Amino acid sequence: MATASVQAPSVLTLALPQSPESIGKARRVVRGVLTARGWPEELVASAVLVVCELVTNAVVHGLPPVGLRVQVVSGFVAGRVTDRSSERPILAAADVEAEGGRGLAIVQAMADRWGTYPLPGSEGKAVWFEFRGPPDPVRLARSSPVTRSRS
């Protein structure tokens, strides 16, 4: 597993088509990156769920193209989903019998922090999220005194 951690990227950027297949692709890629970086399954599942909800919202309600950016640093994941629609998502209470409308409530419940901001030049919006997690074993190994003395 240590080898996978070294090879996992710290920044993931994807341009996604405005199609349902984008949701599955985002799920697989984010799960792979966080798992390879040594994140515990519970946090991986939470982050993947948030990404899926945000990509779903962008695909269903936004305008193409959809973008996903996730950055993993020691003990921290920050990400954003972008699209060309300037309409900001609304956190609203969903009717008990409604089939949808719970995405942002899920994001709010799962992420440590989240929010939205307009992209420069009226080019759309970004919905961002953050998770705190375990220290990154790759970064810890690089900065440990034992590692430094061997180099």
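At what angle do the axes of helix α3 (residues 41–61) and helix α4 (residues 103–110) cross? The views below take up this question and others in a predicted model.

**View 1. Helix α3 crosses helix α4 at roughly 150°.** The axes of the two helices come within 9 Å. Angles over 145 degrees count as roughly antiparallel, and α3 and α4 are therefore roughly antiparallel to each other. The crossing of α3 past α4 is left-handed. From α3, the contact takes in Ser 46, Leu 49, Val 50, Glu 53, Leu 54 and Asn 57. From α4 come Gly 103, Leu 104, Ile 106, Val 107 and Met 110. By class, the residues of this contact are seven nonpolar, three polar and one charged.

**View 2. Helix α2 (residues 21–36) packs on α3 at about 155°.** Here the axes lie 9 Å apart. α2 and α3 are therefore also roughly antiparallel to each other. The α2 and α3 crossing is right-handed, whereas α3 passes α4 in a left-handed one. α2 contributes Ser 22, Ile 23, Ala 26, Arg 27, Val 30, Arg 31, Leu 34 and Thr 35. On α3, the partners are Glu 41, Val 44, Ala 45, Ala 47, Val 48, Val 51, Cys 52, Val 55, Thr 56 and Val 59. The residues of the α2 contact with α3 split into 12 nonpolar, three polar and three charged.

**View 3. Ile 90 sits in the loop between β3 (76–83) and α4.** Is Ile 90 buried or exposed? Its relative accessibility is 70%, so Ile 90 counts as exposed. The cut-off for exposed is over 50%. Leu 104 lies 14 residues from Ile 90 in sequence. In space, the two are 7.6 Å apart, C-alpha to C-alpha. Leu 104 is also one of the α4 residues in the contact with α3.

**View 4. The protein chain has six helices and five strands.** What pattern does the protein chain follow along the sequence? Its elements run α-β-α-α-β-β-α-β-β-α-α. The protein chain holds 151 residues, and 37% of them count as buried. The accessible surface comes to about 8,600 Å². Carbon and sulfur atoms account for 56% of that surface. Consider next the contacts between residues at least 6 apart in sequence. Of these, 62% join residues at least 24 apart.

Methods:
Residues are numbered from 1 along each chain as its sequence is written. This is a predicted model: local features need pLDDT of at least 70, side-chain atom pairs count only at pLDDT 80 or more; totals for chains, interfaces and linings use all residues. Side-chain values use heavy atoms; hydrogens and water are left out. Axes are lines fitted to C-alpha atoms, for helices over the stretch in contact, and angles run from 0 to 180 degrees between N-to-C directions. Helices (H or I, at least four residues) and strands (E, at least two) are DSSP runs, numbered from the N terminus. Angles under 35 degrees count as roughly parallel, over 145 as roughly antiparallel, 65 to 115 as roughly perpendicular and the rest as oblique. A crossing is left-handed if the near helix is turned anticlockwise from the far one by less than a right angle, and right-handed if clockwise. Contact means heavy atoms within 4.5 Å. Ala, Val, Leu, Ile, Met, Phe, Trp, Tyr, Cys and Pro count as nonpolar, Asp, Glu, Lys and Arg as charged, and the others, Gly among them, as polar. Buried means under 20% relative accessible area, exposed over 50%, partly exposed in between (1.4 Å probe, protein chains only). Accessible areas come from the Shrake-Rupley method with a 1.4 Å probe; for residues, only the protein chains shown count as cover.
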